[in-house]
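Reader: I have a chain on the screen and some questions about its fold and side chains. Can we go through them one by one?

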Amino acid sequence: MKKFQALLAVAALTVSSSLFAHGMMNGSHPQDGAMMMEPTDRVEVNFAKPMKLVSLKVVNSSGKPVSIDFKRSKEAGTSFKAMIPSLKPDAYKVHWKAMGGDGHMMKGSFVFMQH
């Protein structure tokens with residue numbers, strides 16, 4: 001019974017930290033789940049509160065990284081953009097990591113399809 005309670009506590013913490021991170025991100029371009037009919041030239045992440053964007057990666061459906069123009073942010077902000085090359089039709093996943101004002105690291109991801 002104690003093992004079950006411990007596992008339940010760990011699962012609750014994992015879910016709550018994931019929800020907190022997603023709650024901090026209040027928008028993206030492309031939007032999560034979007035089907036892009038026109039080529040997109042950038043990815044953007046927008047946060048509700050100032051953050052420092054530490055990492056931004058784009059991968060295709062095979063997990064192969066896409067070359068993007070990303071530089072780690074030195075200043076906190078609420079909106080970050082990285083230019084991307086012309087994408088082939090595929091599903092793409094954008095992974096981000098950001099640091100809040102209190103020093104806690106948060107991460108999240110969103111997906112989109114390029115037609």
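Author: Start with the contacts between residues at least 6 apart in sequence, where contact means heavy atoms within 4.5 Å. Of these, 59% join residues at least 24 apart in this protein. The model is predicted, so local features need pLDDT of at least 70, side-chain atom pairs count only at pLDDT 80 or more, and totals for chains, interfaces and linings use all residues. Residues are numbered from 1 along each chain as its sequence is written, and side-chain values use heavy atoms, with hydrogens and water left out.

Reader: How many helices and strands does the protein have?

Author: Helices (H or I, at least four residues) and strands (E, at least two) are DSSP runs, numbered from the N terminus. From that end, the order is α-β-β-β-β-β-β-β. The count is one helix and seven strands.

Reader: What share of the residues counts as buried?

Author: Buried means under 20% relative accessible area, exposed over 50%, and partly exposed in between (1.4 Å probe, protein chains only). The protein has 115 residues. The buried share is 34%.

Reader: Which backbone atom does the side chain of S73 reach?

Author: S73 sits in the loop between β4 and β5. S73 is buried, because its relative accessible area is 17%. Beyond four places in sequence, S73 touches K52, L53 and F80. At 2.6 Å, its side chain reaches the backbone nitrogen of L53.

Reader: Is V54 buried or exposed?

Author: V54 is in strand β3. Leaving out residues up to four places away in sequence, V54 touches F70, R72, K97, A98, M99 and M105. The C-alpha atoms of V54 and A98 are 5.1 Å apart, although 44 residues separate them along the chain. The relative accessibility of V54 is 16%, so V54 counts as buried.

Reader: How is M83 classed, and at what relative accessibility?

Author: M83 belongs to strand β5. Its contacts beyond four places in sequence are D41, R42, I68 and D69. R42 is 41 residues away along the chain, with a C-alpha separation of 4.2 Å. M83 counts as partly exposed, because its relative accessibility is 36%.

Reader: Which backbone oxygen lies 3.3 Å from the side chain of Q114?

Author: Q114 is in strand β7. Q114 counts as buried, because its relative accessibility is 5%. Its contacts beyond four places in sequence include E38, P39, L87 and Y92. A polar atom of the Q114 side chain lies 3.3 Å from the backbone oxygen of M36.

Reader: Which side chain makes a polar contact of 2.7 Å with that of S61?

Author: S61 lies in the loop between β3 (42–60) and β4 (65–66). S61 is exposed, because its relative accessible area is 51%. Polar contacts are pairs of N or O atoms within 3.5 Å; within protein, one must be able to donate a hydrogen and the other to accept it, and residues adjacent in sequence count only if both atoms are side-chain atoms. The partner of S61 at 2.7 Å is D90.

Reader: Where is M37?

Author: M37 counts as exposed, because its relative accessibility is 53%. The place of M37 is the loop between β2 (34–36) and β3.
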